[in-house]
Amino acid sequence: MERVPILKIGDILLVSIQVDMSDQTAVQLQEDLAERIVATGCHGVIIDITALDIVDSFVGRMLSTIASISKVLDAETVVVGMRPAVAITLVELGLSLNGIRTALNVERGMELVAASRADDWDEAPGDEDAETTATP
């Protein structure tokens, strides 16, 4: 069975899917990625699907599941490199990919993850200014 490599780049895990996604490979990827998120403490996951010519309903659900698992583990998921034919297929299959943000390439995906983390820090509890929390 082939494994999908997971690379750590700063605070982000990069998953570049270069193989045909069998059911077994997809399940293994979910497990491997969850373990790596916990082990590294990364807050972003970028899944590069540039090499995928076809995405079926199973792979679409697998991407959604990975996003859900990542979110529970405090990591934002961004799918990058989606080809127009893949996007059309996902829409035709009725797969909305809830919880997944998309970007055209890895660079834009990294920017999305960074912006998301900055927004999280801005909205963190306890960050309010004394003026806004003081009672008159």
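Two residues are in contact when heavy atoms of each lie within 4.5 Å. Among contacts in this protein chain between residues at least 6 apart in sequence, 73% join residues at least 24 apart. The model is a predicted one.

**Overall layout**

The protein chain holds 5 helices and 5 strands. Along the sequence they follow the pattern β-β-α-β-α-β-α-β-α-α. Of the 136 residues, 39% count as buried. The accessible surface comes to about 8,000 Å², and 54% of that area belongs to carbon and sulfur atoms.

In soluble globular proteins, nonpolar side chains tend to be buried together. The largest nonpolar core here has 28 residues, and the members touching the most others are Val-15, Ile-17, Met-21, Leu-29, Leu-33, Ile-47 and Met-62. Strand E2 (12-16), helix H1 (23-40), strand E3 (44-48), helix H2 (57-72) and helix H3 (84-93) each give two or more residues to this core. H2 gives the most, with 5 residues. Apart from this core lies another, of 8 residues, including Leu-14, Val-78, Val-80 and Ala-103.

**Strand E3**

How many of the residues of E3 are buried? The count is 5 of 5, and the strand is mostly covered. In a regular strand the side chains alternate between the two faces of the sheet. In E3, Gly-44, Ile-46 and Asp-48 are on one side and Val-45 and Ile-47 on the other, with both faces covered.

E3 runs parallel to E2, and 5 bridges join the two strands. Val-15 has Ile-47 as its bridge partner in E3. Leaving out residues up to four places away in sequence, Ile-47 touches Val-15, Ile-17, Leu-63, Ile-66, Thr-77, Val-78, Val-79 and Val-80.

**Two residues compared with the cut-offs**

Gln-30 lies in helix H1. Residues up to four places away in sequence aside, Gln-30 touches Met-62, Thr-65, Ile-66 and Ile-69. Leu-73 is placed in the loop between H2 and strand E4 (76-80). Together with Val-38 and Val-72, Leu-73 forms a nonpolar patch on the surface, with about 290 Å² of accessible area for the three together.

| Residue | Relative accessibility | Class |
|---|---|---|
| Gln-30 | 17% | buried |
| Leu-73 | 30% | partly exposed |

Methods. Residues are numbered from 1 along each chain as its sequence is written. This is a predicted model: local features need pLDDT of at least 70, side-chain atom pairs count only at pLDDT 80 or more; totals for chains, interfaces and linings use all residues. Side-chain values use heavy atoms; hydrogens and water are left out. A nonpolar core is a set of buried Ala, Val, Leu, Ile, Met, Phe, Trp, Tyr and Cys residues joined through side-chain atoms within 4.5 Å. Buried means under 20% relative accessible area, exposed over 50%, partly exposed in between (1.4 Å probe, protein chains only). Helices (H or I, at least four residues) and strands (E, at least two) are DSSP runs, numbered from the N terminus. Patches are made of residues with over 30% relative accessible area and no salt bridge: like charges are joined within 9 Å, nonpolar side chains (Val, Leu, Ile, Met, Phe, Trp, Tyr) within 5 Å. Accessible areas come from the Shrake-Rupley method with a 1.4 Å probe; for residues, only the protein chains shown count as cover. A salt bridge is a side-chain nitrogen of Lys or Arg within 4 Å of a carboxyl oxygen of Asp or Glu. Two strands pair if DSSP finds at least two bridges between them.
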